Amino acid sequence: QADRILTNTEPARQALLSRYPEFSPEKVITLTNGVDEEDYQDLQPTPLWKPSDRPVFVHAGSIYSKRDPSALIKAFAKLKLSLPQYLPILVFIGNWDEGLRRAIVETIAVSKLEDDVLLLPAMPRRSSLEALLAADVLMLIGDSEPSQLQVPAKLFESLYLAKPILSLFQVKSPVNYFLQRYCPHFAQAHPSEVDEIECALKNLSAQPWNATESVASHVHSLSELSRRRQAEQLNSILESLRILP
């Protein structure tokens with residue numbers, strides 16, 4: 001009975017229209033997630049790791065059953081054996097599912113990755129953002145759910161920080177639309193495909209990234225990903241409903 005239905009990705013909109021063919025296309029509207037620009041003012045790059053000549057890949061956020069980095073760690077161990085010159089440092093910031101953490105810690109120990117993979121606890125949002133700003137590459141860890149309709153809020157955070165991105169989402173995920181539109185440098189691999197992830201790690205590690213790149217250089221993203229703009233879009237939707245009969 002709603003006058004309008006909002007979805008936050010176009011695939012989710014298409015899924016609704018397919019399930020309810022009686023809905024007119026104008027009834028279902030895509031309004032994406034985004035970022036609050038104020039959160040990023042005056043950030044200072046703050047590494048939480050020792051200085052290194054190796055590139056640093058960082059993931060900040062909760063790790064749980066459907067967001068499983070096991071294949072990533074296996075690919076990382078494989079890369080260390082085959083092409084150690086391309087081995088980055090992996091940093092995880094955030095809370096973990098305890099069972100998953102135990103399994104990952106065991107894999108790290110067996111593969112002798114203790115000096116290569118850093119597991120840090122959750123921290124205040126601003127501290128997390130400043131650590132992400134100090135990274136060379138940001139990591140997005142997806143899942144193998146078949147629907148692939150949604151995107152994590154962390155995607156927009158990563159795009160706003162103007163960093164290269166390692167995306168472990170399936171090709172058909174709407175995440176790839178945003179990466180292709182806003183991220184000049186990214187590598188994508190299926191979240192459970194070890195060989196694909198190893199290749200993506202190598203490709204990103206081989207690039208001479210500047211870890212202190214300013215968000216100011218990513219102005220074209222700021223206007224479209226800002227929640228201020230999305231609030232304006234929502235206002236336009238509400239205004240249009242005022243004239244409905």
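Predicted model: local features only at pLDDT ≥ 70, side-chain atom pairs only at ≥ 80, totals over all residues.
1. Leaving aside residues up to four places away in sequence, S226 touches V35 and E37. You can find S226 in the loop between α8 (219-225) and α9 (227-242).

2. Is S226 buried or exposed? Its relative accessibility is 3%, so S226 counts as buried, because buried means under 20%.

3. With 28% relative accessibility, E37 counts as partly exposed. The side chains of E37 and S226 are joined by a polar contact of 2.6 Å.

4. Along the sequence, E37 and R227 are 190 residues apart, yet their C-alpha atoms are 7.7 Å apart in space.

5. Next, have a look at a pair of helices. Two packed helices are described by the angle between their axes and the distance between the axes. Here helix α5 (residues 153-160) packs with helix α6 (residues 175-182) at an angle of about 10°, and their axes are 11 Å apart. That angle makes α5 roughly parallel to α6, because angles under 35 degrees count as roughly parallel.

6. Which residues make the contact between these helices? From α5 come L155, F156 and L159, while α6 brings V175, F178, L179 and Y182. Sorted by class, the contact of α5 with α6 has seven nonpolar residues, no polar ones and no charged ones.

Key: Residues numbered from 1 in each chain as written. Heavy atoms only, no water. Helix = DSSP H or I, 4+ residues; strand = E, 2+ residues; numbered from the N terminus. Buried < 20%, exposed > 50% of the residue type's maximum accessible area, 1.4 Å probe, protein only. Contact = heavy atoms within 4.5 Å. Axes fitted to C-alpha atoms, helices over the stretch in contact; angles between N-to-C directions. Parallel < 35°, antiparallel > 145°, perpendicular 65-115°, else oblique. Nonpolar A, V, L, I, M, F, W, Y, C, P; charged D, E, K, R; others polar. Polar contact = N/O pair within 3.5 Å; in protein donor to acceptor, adjacent residues only side chain to side chain.
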